[in-house]
Amino acid sequence: MNLALWIVASVLAAIFAGSGLLKLLVSKDKLVQSGQGWAQDFSPTSIRLMGVAEVLGAVGVILPAVVHIGPVLVPLAAIGLGLFMMGAAVENAWRKDLALIGVNLVLLAPAIFVAWGRLGPYAFTS
């Protein structure tokens, strides 16, 4: 199970790092043109802050465990990413974009799995 948690956390980190970097490096207009209509509802600054949050969450689900400094941050980062996806689902529900709600739920599930595993039976011990 420990290996499964590492794999899921790594995939989660890769997805959120990519998504966060996209929000940091691509303009609001290009995000909207590429089919991410939700970006219309947010200022460029808010989009950049979302990108920062996603990148920090991605780093947080891997790095503390790898360097053995503050491994309790791993489940906290997973909870943060889960909350982020819940907020995204609310935004997409408001926009009536059901397909993206599905994506949000698909990303919420591994975040919950990592948080459960690292807070509970497979927590990192010192």
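Mentor: Let us begin with a definition: Ala, Val, Leu, Ile, Met, Phe, Trp, Tyr, Cys and Pro count as nonpolar, Asp, Glu, Lys and Arg as charged, and the others, Gly among them, as polar. Please keep in mind that this is a predicted model.

Trainee: With those classes, how do the residues lining the largest cavity divide?

Mentor: The lining of the largest cavity consists of Leu 5, Trp 6, Ala 9, Val 61, Ala 65, Val 74, Arg 118 and Phe 124. Arg counts as charged, whereas Leu, Trp, Ala, Val and Phe count as nonpolar. The division is therefore seven nonpolar, no polar and one charged.

Trainee: Which helix gives the most to the lining of the largest cavity?

Mentor: The structure holds one cavity of 30 Å³ or more, and about 30 Å³ of space lies in the largest cavity. With three residues, the element that gives the most to its lining is helix 1.

Trainee: Turning to the largest pocket, which helix gives the most to its lining?

Mentor: About 400 Å³ of space lies in the largest pocket, and among its 20 lining residues Lys 23, Trp 38, Met 85, Ala 88 and Asn 104 lie nearest the centre. By class, this lining has eleven nonpolar, six polar and three charged residues. At least two lining residues come from each of helix 1, helix 3, helix 5 and helix 6, and the most, six residues, come from helix 5.

Trainee: Which element supplies the largest share of the largest nonpolar core?

Mentor: That core has 19 residues, of which Leu 12, Phe 16, Val 61, Met 85 and Val 114 touch the most other members. Two or more residues are given to this core by each of helix 1 (2–25), helix 5 (73–94) and helix 6 (98–119). The largest share, six residues, comes from helix 5.

Trainee: Is Glu 54 buried or exposed?

Mentor: Glu 54 lies in helix 3, which spans residues 44–60. Leaving aside residues up to four places away in sequence, Glu 54 touches Phe 16, Ser 19, Gly 20, Lys 23, Leu 81 and Phe 84. Because its relative accessibility is 2% and the cut-off is under 20%, Glu 54 counts as buried.

Trainee: How far does the backbone nitrogen of Gly 20 lie from a polar atom of the side chain of Glu 54?

Mentor: Gly 20 is one of the residues that Glu 54 touches. Between the backbone nitrogen of Gly 20 and a polar side-chain atom of Glu 54, the distance is 3.0 Å.

Technical notes: Residues numbered from 1 in each chain as written. Predicted model: local features only at pLDDT ≥ 70, side-chain atom pairs only at ≥ 80, totals over all residues. Heavy atoms only, no water. Core = buried A, V, L, I, M, F, W, Y, C linked by side-chain atoms within 4.5 Å. Buried < 20%, exposed > 50% of the residue type's maximum accessible area, 1.4 Å probe, protein only. Helix = DSSP H or I, 4+ residues; strand = E, 2+ residues; numbered from the N terminus. Polar contact = N/O pair within 3.5 Å; in protein donor to acceptor, adjacent residues only side chain to side chain. Contact = heavy atoms within 4.5 Å. 1 Å grid on protein atoms, 1.4 Å probe; cavity = no way out; pocket = protein on both sides within 12 Å on 5 of 7 lines; lining within 4 Å. Points joined across faces, edges and corners; volume = space filled by probe spheres on them.
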